[in-house]
Amino acid sequence: MAMASITRRKSIPLTKTLLYNPCLSSFTRRFASGSVENDVVVVGGGPGGYVAAIKAAQLGLKTTCIEKRGTLGGTCLNVGCIPSKALLHSSHMFHEAKHSFANHGVKCSSVEIDVAAMMAQKDKAVSNLTKGIEGLFKKNKVTYVKGYGKVTSPSEVSVDTIEGGSTVVKGKHIIVATGSDVKSLPGIEIDEKRIVSSTGALALTEIPKRLVVIGAGYIGLEMGSVWGRLGSEVTVVEFGPDIVPSMDGEVRRQFQRSLEKQGMKFKLKTKVLGVDTSGDTLKLTLEPSAGGEQTTFEADVVLVSAGRVPFTEGLGLDKLGVEMDKVGRILVNERFASNVPGIYAIGDVIPGPMLAHKAEEDGVACVEFIAGKEGHVDYDMVPGVVYTHPEVASVGKTEEQVKSLGVEYKVGKFPFMANSRAKAIDNAEGLVKILADKESDKILGVHIMSPNAGELIHEAVLALQYGASSEDIARTCHAHPTMSEAIKEAAMATYDKPIHI
């Protein structure tokens, strides 16, 4: 793919017969138009599903959304992104009170953690937000059906309602937005008490003395940070040679050193063969990933965080002949249409980053196509954030990816140790790294490790979206003193020279 062009979302090509405009074409399916109750039926009420439903309604399409959980927002809002950020914030406040307040002249004679109160605050945030989405459904006249939906035809979804009944929802266009589920590991049975997924890790009633996290990805490191700040001894076991393998290598190494300084320990190139639950403590059997001598490691709680898999089983899609890949993702074209006319898919159930904000963009673009408009999602422009402290955020290519493409490039970096705002608040760990095309100066990737990196990254996302050069950012006035000045300085370092280092 040419680095100088802004591309549309990466799609899985299907037959040309699928590249039709559903609203403008003369294509009809096997039912009488008088029997159709909806223009759009969305199966799944997570970030992709509920956003697609609201957007469809805003475009004048009669829309129903089906959600099995009984509360909207999906994994993200109920047992993922939102509750984890609540706990990350609460645990960070506790850690700051214990370790940083004194440096700022704030003295606390005793700081204690009330786990029950912390969980209650998290639950309140989740409850308020899920109710908020229901309010948005009412405002936009989206019909909400609570139950488990199965696609029985290209125009019908059978729903087992949470009240115990059943109903059939009919529609011209069905969007599968059922999200993803925790990836299980052989020999390890999750009970959500001592062996937990991220769901169980968000609801522990007491602080485990020893926590083992299986998997060094975003979720594992975030949840490990929560309980590590509260007092757990955290050990992360990772099959591969690196933490967060999608991260830029240079930034990753700094990030790992930061986590190690916080007390997090890592066992890389290590696999977990099983967990013995028979005693008072859990005993993990470990082995080098390449094979070798087995060892035993004890823990009080084990968090299984080895990734996620698309939730597509049990939806009836296989019976309809919907094409999927070997991991269960639905194959779609650039209009999010499957090979079965009338059935679409978005979010975690199709290829691409398994991120809530990516699913939202999918949902908007999908219903825009259905409504006869043009939709657009560029997966190269989807930012990723690890919400630890410091945070790590990135968009575009890593240095390793740029090298593999054979593109001649230049690099500019600026440390937050030289940023006045970061020094003023005594929170100056991290850096900004910018990669740009050597000839054109077009920005190829931006990587930030800092407090609130997830907020800072969007300047870079916008720059990449519009094909900006590093000089464009460098010549844009940034308020002083702000953390974002580090992005300006890194851009200056990329095309010329920075001022403050």
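**Figure 1. Tyr-148, a partly exposed residue of the predicted model.** With a relative accessibility of 24%, Tyr-148 is classed as partly exposed (between 20% and 50% relative accessible area; under 20% is buried and over 50% exposed, with a 1.4 Å probe and protein chains only). Phe-311, at a relative accessible area of 18%, is buried. The model is predicted, with local features requiring pLDDT of at least 70 and side-chain atom pairs pLDDT 80 or more, while totals for chains, interfaces and linings use all residues. Residues are numbered from 1 along each chain as its sequence is written, and side-chain values use heavy atoms, without hydrogens and water.

**Figure 2. The aromatic pair of Phe-137 and Tyr-144.** Two aromatic pairs occur in the structure (rings of Phe, Tyr and Trp, the last by its six-membered ring, with centres within 6.5 Å; planes under 30 degrees apart are stacked, over 60 edge-to-face, the rest tilted). The ring centres of Phe-137 and Tyr-144 are 5.9 Å apart and the planes stand at 85°, so this pair is edge-to-face. Both Phe-137 and Tyr-144 are buried.

**Figure 3. The aromatic pair of Tyr-148 and Phe-311.** Here the ring centres of Tyr-148 and Phe-311 lie 6.5 Å apart with planes at 70°, so the pair is edge-to-face. Tyr-148 belongs to strand 3 (residues 143-153), and Phe-311 to the loop between strand 16 (308-310) and strand 17 (343-345), so the pair ties together parts 163 residues apart in sequence. Strands are DSSP runs of E with at least two residues, and helices are runs of H or I with at least four, numbered from the N terminus. The protein chain has 13 helices and 22 strands.
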